[in-house]
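Dear colleague,

Please find the structure below, handed over for your records.

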Amino acid sequence: MSYPALSSTAGHHVLLLSPYTGPKKKSRVASRAAIVEARPQAMPAVENVTGGGNNSSSSSVISLRDRTDDMQAEARAMVRAVNASVYSPQLLASKYGSRPVKVLQRTLEIFVGLGSFAFKLWLDQLNGQLDQNRRFRAVQLRKVFTTLGPTFVKIGQGLSTRPDLCPPEYLEELSELQDALPTFPDAEAFSCIERELGLPLDSVYSSISPSPIAAASLGQVYKAQLKYSGQIVAVKVQRPGIEESIGLDFYLIRGLGFLINKYVDIISSDVVALIDEFARRVYQELNYVQEGQNARRFKKLYADKEDVLVPDIFWDYTSGKVLTMEWVDGVKLNEQDAIERQGLKVLDLVNTGIQCSLRQLLEYGYFHADPHPGNLLATPEGKLAFLDFGMMSETPEQARSAIIGHVVHMVNRDYDAMARDYYALDFLAPDVDVSPIVPALRDFFDDALNSTVSELNFKTLVDGLGAVLYQYPFNVPAYYALILRSLTVLEGLALYADPNFKVLAASYPYFAKRLLTDPNPYLRDALIELLFKDGKFRWNRLENLLVQGKKDRDFSAKDALQPVLKLLLGPDGEELRALVIKESVRVTEAVILGSMIDAYNYFPNPMRTLIFNGNATGPLIMSDAELNSTMELRTQVFRIWGLLRSSENFDPTLLQPILQVLQEPEARILGGRVIGGITQRLAARLLQQVLRAPITSPASTS
C-alpha cells in the first residue's frame, strides 16, 4: 500500500483535509459530511511528550508512562482484532462444502478465465509453438489474473518469485502485476471505521479526505488528522467482503492443487503446501493489528540508522480492519525527477535500501517482503521510508549464513561449493546428488560473471539461476523466493537512475565483511574452503575479500580472520594447522629471502662478483621462476598487511590473538613446528650455497 507524497500533489491533498466545524450533537451522517467537506484549518502543534529541560528523572518517568500507555493501547487493539480470520483449510472446507451454488458460480468464473488460457497453451503444444508463443501467453496470463480479482493478483505476484514453477518469460510478466483495484464506496469505508473503533468518525478525526488517496487489492487509504493531537495520519481500511472472496478462492485453488500434485508430473514441488503457505500470508495481511505489530518490530530492529524511517502506529485507532499510521511525506522511489528536485540522489537512497535489506535478510532474518516502489518513499530530509508491513517474512538462521557463502562462492567461481550450498539453503534434500548440477552452474555463471564482481547484474543472475532450477528437481523455499524479489526490485529502482548499476557490486562488501569476521561455523568453514585449495593458501582470494570488505562502513580490521584463528586452536583444527604451518614456513622464507635479495642488490656490481661469484640471486641458488614467485608472495603479504593497517579502525591489538595463541600449549607446539620448518628450509638453502661448484673464469682455467 503506498501513501502518495504530499509534496507531489500538495494542493489536492490540502483541499481534501477539512476539519469538522459543525455542532457536536448533529447526526452521525451530518458529522461525517462536515469533517470531509468543511474548510481546512491550521494543524495545532503537537507538544513534546517527553518534556524539555534537564530534568532527566521526570523525562524517564514520562517515557515509562508513555511506553505503558502504548502497551495498553496495543492490548486494546488486539482485543478489537480477536475475531480476525486465520487461514484454516478445514474451516474453509466446512464452510463452502455446504454452499454448492456459490462454489459453482465462482468455479465457472475461474474456469472461463484460466480454462481459456490453458486451452491456448494446449493448442500451442499441438502446433509446436509452445516456446515461440511463451512471451505472448505470459502477457495473457497476467491479464487473466488481473481480471479474476485480488486473490489471483496475489497469486500472480507470488508466482513471479518462483523460478522452480515458472519459466523466465512468465516470471518477468507476472512481476509487472500492479497491486491495484477499483476503490469501494467511501460510505462503506467510514462505516467500517466507526464499527471497528466503536467511535463516531467526528470524535476520532478533525478531518479526513472524502475519497481514498491510494487503493490496493485488500484495502484503501485515507489521509486524516487526529482530533486529540492534530497529528496527520494515514488510515487504511479493509475492503468489505474481502475475507469471503479470498476464502472461496483459496478453497477452490487448494482443490486444484490436489489434482496437480496427483496428475501433473512436470511440477516437482508440493503445490498444496505452496498454496497453504501463500494463503497464510494473505490472511495475515488481513489482520491490521498484526501489520502494526510487524511495523513495530521492524522499527525496533532497523530504524536505528539515521537514514531509515519507519512510521509509528496509533494503537487506539487500530483494529483488525482499520490501521492508523503516522503519515509520511515523501516521493516514491521510482519518481527520479521529483526526488532530484528535492536535492536528493536516487542511488544514495537505493544504497540505503540495499544495506538495510542486507541487515534484514542476513542479520536478524526478519525482512520486508514487498518493497515495491509504492512502499519505499524518499522523504524531504533524505531518509528512506518503509511502508506497508502486511507481508513480512523470516530467513532461517542456517540459511542466512548459507546465502553469504553462496554469494562468495559464486563470485569466486567455486561451483562445487556453490552446489553444496543448496543443502543448507533447503533447496535439496541431503540425499540428492548435486554433481549433475555443477556443469549447469558453470555453463551459465562463467558467462554471467564475466570478469569482476562489478560486472554482475542481479536480474541476469536470478534469471539464469531460475533457468537452472527449472531444469532440475529443486524446491525453492518461500523465504528465498521473496529475497530474490526484494533484491530484484531494488536493482530495478536503481536502474532508473543508472543503467549500469549492479546491486551485487554494491552489496558484495557486506558479504565479504561477514565472511571475514563472522564466527558462525558455516561461514568459518566457507572462509577456510575459500582460502585453502589443494593444500595451498590462496592469497589473492584473501586480498580480494579484504579489498571488498573494507568498503563496508562497519568493517573491523580487528575482527578480520578471527574465526580462522579460533578454529586453529580448536580440537578439530589439526588438518588446518598442517596447512597453516606449511604456509607460514613459505611466507617466512619469502620474507627472509626477499630481505636477503634486497640487501644483495645494495652491493656494487664488482663486490657482487667477488663475493657471490656473479650469481644473479646473490647467496641463493634459485631459478628465475622461483625467484619471481618468492618476491611476488612477499609483495602480496605486505600488501595485505597494508590493507589491514589502512583500515579506519585499525588497532595494533589485532596481533593480540596471535600472542594469546603462543601462550596455549597447543599453540607452542604449533609455533615450534613452524620454527622447525623454517629452520630446515633455510638450512637446506645454506647447504646448497656451500656445496655449489664455484664459477671459474677462463683465465684461471688456462
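The notes below cover the aromatic pairs and the charges over rings.

This is a predicted model, in which local features need pLDDT of at least 70, side-chain atom pairs count only at pLDDT 80 or more, and totals for chains, interfaces and linings use all residues. Residues are numbered from 1 along each chain as its sequence is written, and side-chain values use heavy atoms, with hydrogens and water left out.

A search of the whole structure gives 14 aromatic pairs (rings of Phe, Tyr and Trp, the last by its six-membered ring, with centres within 6.5 Å; planes under 30 degrees apart are stacked, over 60 edge-to-face, the rest tilted). One of them joins Tyr-87 and Tyr-283: the centres are 5.6 Å apart and the planes at 50°, so this pair is tilted. Tyr-87 belongs to the loop between α3 (56–80) and α4 (89–96) and Tyr-283 to helix α12 (residues 271–286), so the pair ties together parts 196 residues apart in sequence. Tyr-87 is buried, at 8% relative accessible area (buried means under 20%, exposed over 50%, partly exposed in between; 1.4 Å probe, protein chains only). Tyr-283 is also buried, at 6%.

Tyr-96 and Tyr-251 form a tilted pair, with 5.9 Å centre to centre and 35° between the planes. Tyr-96 is buried at 1% relative accessibility, whereas Tyr-251 is partly exposed at 25%.

Ring pairs also link Phe-298, Tyr-302, Tyr-364, Phe-386 and Phe-389 into a cluster.

Finally, the charged end of Arg-297 sits over the ring of Tyr-366, 3.8 Å from its centre (NZ of Lys or CZ of Arg within 6 Å of the ring centre and within 35 degrees of the ring normal). Lys-236 lies over the face of Tyr-288, at 5.0 Å from the ring centre.

With kind regards

Notes
Helix = DSSP H or I, 4+ residues; strand = E, 2+ residues; numbered from the N terminus.
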